[in-house]
Amino acid sequence: MPDIRVSAQLQPMHSEWPAMRQAWVEAEELGVDCLFNWDHFYPLRGEPEGKHFEALTVLGAMAEVTERVELGSLVICNAYRNPDYLADAHRTIDQVSDGRAILGIGAGWFEKDFDEYGYEFGTKRTRLDALEAALPRIERRMARLNPPPVRQPLPILIGGGGPKRTLKLVARHANIWHSFGTPDVVREKREILADHCANEGGRDPAEIEISWGAQNGGWDELLDAGVTHFVLGVSGSDSGYDLGRLRELVQWRDAVRA
């Protein structure tokens with residue numbers, strides 16, 4: 001049985017800062033393995049102009065408030081920041097957190113963020129072109145930074161499920177792959193990922209942790225399909241963050257481990 005991890009994506013929307021901070025502390029106390037935020041400038045659900053906070057600033061605060069959990073964004077939009085800057089920011093977060101940072105990244109998709117903040121939305125193809133160009137720059141910059149990340153190498157998580165391009169980038173660069181879907185989707189795309197790994201110098205697919213959206217349940221079936229990292233999204237509200245479902249996921253993990 002491979003090691004099973006469970007994590008929370010505590011979405012920085014529709015809540016006040018003290019409630020977000022309290023949710024990070026409580027989630028760590030529950031026993032999650034990682035805490036993620038996301039990289040948007042506006043809420044994805046609810047009031048479109050509702051309360052929201054920026055990802056990298058939040059990650060720095062998460063690093064100071066927590067002590068054990070790994071930290072990252074699920075996922076950083078590559079288009080919003082210079083790749084060398086992204087490497088430097090995550091190296092700094094890794095230093096602040098004493099080696100707990102994950103660099104989660106994807107091509108981006110939420111058009112409102114692009115338009116409102118003045119980034120060119122382009123097409124899916126151009127956004128993937130930019131991600132493909134950015135990943136080697138991130139790796140090169142990470143290797144040159146002084147001081148370097150505490151953890152060597154600092155893990156890269158790539159989010160997305162595109163079979164032709166995204167999974168090829170996962171095979172080439174990622175330590176963790178995150179996506180969504182049914183157990184059948186997991187199995188299908190694991191086969192595609194294995195083919196890409198074979199074509200990328202014979203990389204062992206087992207080196208890549210498979211992280212999956214756990215929102216819709218079916219955790220046993222996803223585990224059987226090859227998922228080992230289960231991530232539950234939790235939205236904020238005026239009353240804070242409800243971590244009841246997260247507690248259930250942690251209890252399920254502990255029962256499986258036992």
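**View A. Contacts of Leu35.** Beyond four places in sequence, Leu35 touches Ala8, Leu10, Trp24, Ala27, Met62, Thr66, Val69, Glu70, Leu71 and Gly72 (contact: heavy atoms within 4.5 Å). The model is predicted: local features need pLDDT of at least 70, side-chain atom pairs count only at pLDDT 80 or more, and totals for chains, interfaces and linings use all residues. Residues are numbered from 1 along each chain as its sequence is written, and side-chain values use heavy atoms, leaving out hydrogens and water.

**View B. The largest nonpolar core.** This core holds 64 residues; Leu10, Leu35 and Phe230 touch the most other members. Its largest share, seven residues, comes from helix α2 (residues 55-65). A core joins buried Ala, Val, Leu, Ile, Met, Phe, Trp, Tyr and Cys residues through side-chain atoms within 4.5 Å; buried means under 20% relative accessible area (1.4 Å probe, protein chains only).

**View C. The open sheet.** Nine strands run in the order β3-β2-β1-β9-β8-β7-β6-β5-β4, with parallel pairing (at least two DSSP bridges per pair). Strands are DSSP E runs of at least two residues, helices H or I runs of at least four, numbered from the N terminus. The edges are β3 (70-73) and β4. β7 pairs with β8 (residues 209-213) over four bridges. Ser179 stands opposite Trp212 in β8.

**View D. The largest pocket.** Its volume is about 870 Å³ (space filled by probe spheres set on grid points joined across faces, edges and corners). Of 40 lining residues, Val75, Trp109, Gly159, Gly160 and Phe180 are the closest to the centre. β9 gives the largest share of the lining, five residues. A pocket is an open set of points on a 1 Å grid over the protein atoms alone, where a 1.4 Å probe fits, with protein on both sides within 12 Å along at least five of seven lines; lining residues have an atom within 4 Å of a point.

Terms used:
Buried < 20%, exposed > 50% of the residue type's maximum accessible area, 1.4 Å probe, protein only.
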